[in-house]
Every structure is written in structure tokens, then in C-alpha cells.
Amino acid sequence: MAVEPVVYGASERPPRGDYARAHDDYTCAQDWAAYTTADHDTYRRLYERQSALLPGMACDAFIEALPSLGACDHIPRFEEVNARLKPATGWELVAVPGLIPERPFFELLAHRRFPVTDWIRKPEEFDYIVEPDVFHDLFGHVPLLFDPVFADYVQRYGAGGLKAHDLGAGELLSRLYWYTIEFGLIQQRGGLRAYGAGILSSSGELRHSVTSQKPQRIALDLLRCMRTRYKIDDYQATYFVIDSFAQLFEMTAPDFTPFYASVRSAGELAAEASIASDSRITLG
Ligand code: HBI
Ligand code: FE
């Protein structure tokens with residue numbers, strides 16, 4: 001069944017993936033046999049470069065779980081990852097042709113099914129790609145799905161997303177996704193580390209987010225976070241910092257329904273805004 005592609009950001013850009021092969025829930029089969037030698041080589045080179053950058057920059061849970069992805073010299077078969085992931089946390093990877101609309105995206109997460117784009121960037125896009133590809137989705141997102149508490153957070157996020165979508169608050173909640181699952185920082189023994197997939201799959205932003213004096217770092221506060229717009233085409237101006245995945249999970253336990261009204265009445269903030277109530281974290 002053919003489904004409509006979605007493109008975030010530049011709507012004039014033609015969608016990359018082949019949505020004609022997707023089912024009604026936007027999942028499709030990972031056409032593993034269709035990857036070329038060059039595709040596998042791109043994955044291997046990205047994996048090699050990125051894994052070398054992790055010590056001192058990525059959180060411990062990510063570094064510990066990374067080998068669970070299996071092969072680093074070719075694009076893994078999602079089924080093989082699932083053979084380890086399902087018994088670990090009950091999550092399973094499903095292939096998708098690319099970005100999918102909010103509602104089906106939340107629906108998959110709420111059922112512990114993580115959508116992974118199956119195509120890989122071209123060699124000339126090695127350093128930068130606008131849409132998520134299999135390297136971002138797999139290398140960036142999947143290791144932390146092996147962490148039981150983080151895995152529960154992502155499912156809770158999906159369930160909350162379904163509710164938010166029906167309340168017309170999907171955009172507000174998507175800022176929480178952005179500033180935690182994509183660009184989150186965590187304070188762990190030894191210092192500040194990255195846990196967000198957008199950071200962990202980017203060679204430039206990893207160092208920037210953890211070591212640069214340029215961005216501001218603020219202790220995660222839900223209201224502050226959901227008021228804040230974000231950058232889709234540049235390094236983040238603001239990063240939100242958590243103490244633990246347990247803190248993140250507990251913070252998102254309440255029903256957000258009354259909360260969205262507070263976010264709306266407090267008003268939007270620019271990505272680089274700084275306000276008096278911010279609890280700022282400085283590099284030690
Ligand atoms: N689809 N494949 C895919 N990957 C995403 O990260 C994604 C998506 N659709 C919607 C979406 N993200 C956003 O709405 C999130 O910010 C919630
Ligand atoms: Fe992502």
C-alpha cells in the first residue's frame with residue numbers, strides 16, 4: 001500500500017526514500033540485498049570514524065552497548081540486531097523508507113518498535129546529511145535502546161506523543177524528543193557526556209556539544225525545553241542536561257495534558273534564548 005512521504009524543513013526538497021514499498025504503518029522490508037559494496041563501505045567508514053571519537057564524549061551506557069549492533073564493517077541486518085535487542089529490552093527495529101508522519105511515528109514507539117531508515121547516504125554526503133539515514137538511525141539511536149531505563153523512556157515518549165498529537169500539541173512534545181533523544185547531554189561521573197543520537201552520529205557536533213564554550217547548557221526543565229525552538233541546519237545553540245535516565249523517565253511520568261496550556265501561555269523562546277530561571281551548567 002502506497003503511503004505519502006513526509007519531508008521536514010525544506011518542503012520543496014523531494015523526499016529521498018521509496019515510500020511506494022511501505023505498508024500502511026509506514027514500515028517496509030529492509031532490502032538488505034540491494035545495498036552495494038559502496039554502501040557497506042560508507043557504513044564501515046562512518047562507524048570507524050565515529051567510534052574513535054566516543055571515549056570521553058559519549059555516555060558510558062552508549063559505549064557499552066555499541067558492540068550489540070554487531071557488524072561494524074557492513075550495514076547490519078535489522079533481524080540480527082533484533083535477535084539481541086528483543087531479549088534485552090523488548091524493543092525491535094523496523095525498517096522505514098525515511099521520515100514518517102508524527103502519528104505513525106509515535107504509534108511505533110509506543111509499541112516498542114523503533115523505525116530505522118534503511119538507505120544510506122552517498123559518499124559525497126559523508127560529513128553531512130539533511131535527513132536521517134541508516135547510519136544515524138542505527139548507530140545514533142539503537143545502542144541506548146539496550147539500556148532498560150532509556151528504553152522505557154522512549155516508549156513512554158511515544159505513548160505521550162499519541163496523546164499530544166490528538167490534543168494538537170505534537171509540535172510542543174517534539175521539542176522534548178529533539179532536546180533529549182536527539183541532542184541530550186548527561187552529567188555522569190567524569191563529566192558531561194552526550195546521549196542524543198543527533199550528536200552521537202555527527203563527528204562535528206559531538207565535540208562541539210561536549211567541549212565548546214559557544215553553546216549554552218541548561219539543566220533539563222520540561223517547560224523551558226518545550227518552549228524552545230531548535231535548529232535543524234546548524235549545531236544546537238542550547239543543550240539540555242540530565243543527571244540520569246531515571247530522572248528523565250520520572251520527569252515524564254505525569255500526564256502532560258494540562259502542561260501544554262502552560263507552555264503556550266509562557267510563549268516560545270528562540271533557540272539561543274537565555275532566561276533568568278535557567279539553571280546553567282558550565283564546563284568544569
Ligand atoms: N520519522 N523515520 C522517522 N524518524 C524520526 O526521527 C521522526 C519521524 N517522524 C516524525 C518525527 N521524527 C518527529 O515528529 C519527532 O520529532 C517526534
Ligand atoms: Fe534521529
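Reader: How many helices and strands does the protein chain have?

Author: In this predicted model, the secondary structure of the protein chain comes to 12 helices and 6 strands.

Reader: Okay, on to helix pairs: at what angle do H4 and H6 cross?

Author: The axes of H4, residues 102-110, and H6, residues 148-166, cross at roughly 145° and come within 7 Å of each other, and the crossing is left-handed.

Reader: Which residues of H4 and H6 make that contact?

Author: From H4 the contact takes Glu102, Arg103, Phe106, Glu107, Leu109 and Ala110, while the residues from H6 include Val154, Tyr157, Leu162 and His165. Sorted by class, this contact of H4 with H6 has 7 nonpolar, 4 polar and 4 charged residues.

Reader: Switching to H9, which of its residues are buried?

Author: In H9, which covers residues 203-211, the buried residues are Ser203, Glu205, Leu206, His208, Ser209 and Val210.

Reader: So what covers them?

Author: The cover over the buried residues of H9 includes helices H1 and H8 as well as strands E3, E4, E5 and E6.

Reader: What does the side chain of Ser202 reach at the start of H9?

Author: A side-chain oxygen of Ser202 comes to within 3.5 Å of the backbone nitrogen of Gly204 there.

Reader: Last topic, then: what is the phi of Tyr26, and where does Tyr26 lie?

Author: Tyr26 is not a glycine, yet its phi is positive, at about 75°, and Tyr26 lies in the segment before H1.

Reader: Why does Tyr26 count as buried?

Author: Its relative accessibility is 9%, and buried means under 20%, so Tyr26 counts as buried.

Reader: What about Arg112, is it buried or exposed, and where is its place?

Author: Arg112, in the loop between H4 and strand E2, has a relative accessibility of 16% and therefore counts as buried. Arg112 is not a glycine either, and has a positive phi of about 55°.

Terms used: Residues are numbered from 1 along each chain as its sequence is written. Chains are lettered from A and ligands numbered from 1 in the order in which they are written. This is a predicted model: local features need pLDDT of at least 70, side-chain atom pairs count only at pLDDT 80 or more; totals for chains, interfaces and linings use all residues. Side-chain values use heavy atoms; hydrogens and water are left out. Axes are lines fitted to C-alpha atoms, for helices over the stretch in contact, and angles run from 0 to 180 degrees between N-to-C directions. Helices (H or I, at least four residues) and strands (E, at least two) are DSSP runs, numbered from the N terminus. A crossing is left-handed if the near helix is turned anticlockwise from the far one by less than a right angle, and right-handed if clockwise. Contact means heavy atoms within 4.5 Å. Ala, Val, Leu, Ile, Met, Phe, Trp, Tyr, Cys and Pro count as nonpolar, Asp, Glu, Lys and Arg as charged, and the others, Gly among them, as polar. Buried means under 20% relative accessible area, exposed over 50%, partly exposed in between (1.4 Å probe, protein chains only). A polar contact is a pair of N or O atoms within 3.5 Å; within protein, one must be able to donate a hydrogen and the other to accept it, and residues adjacent in sequence count only if both atoms are side-chain atoms.
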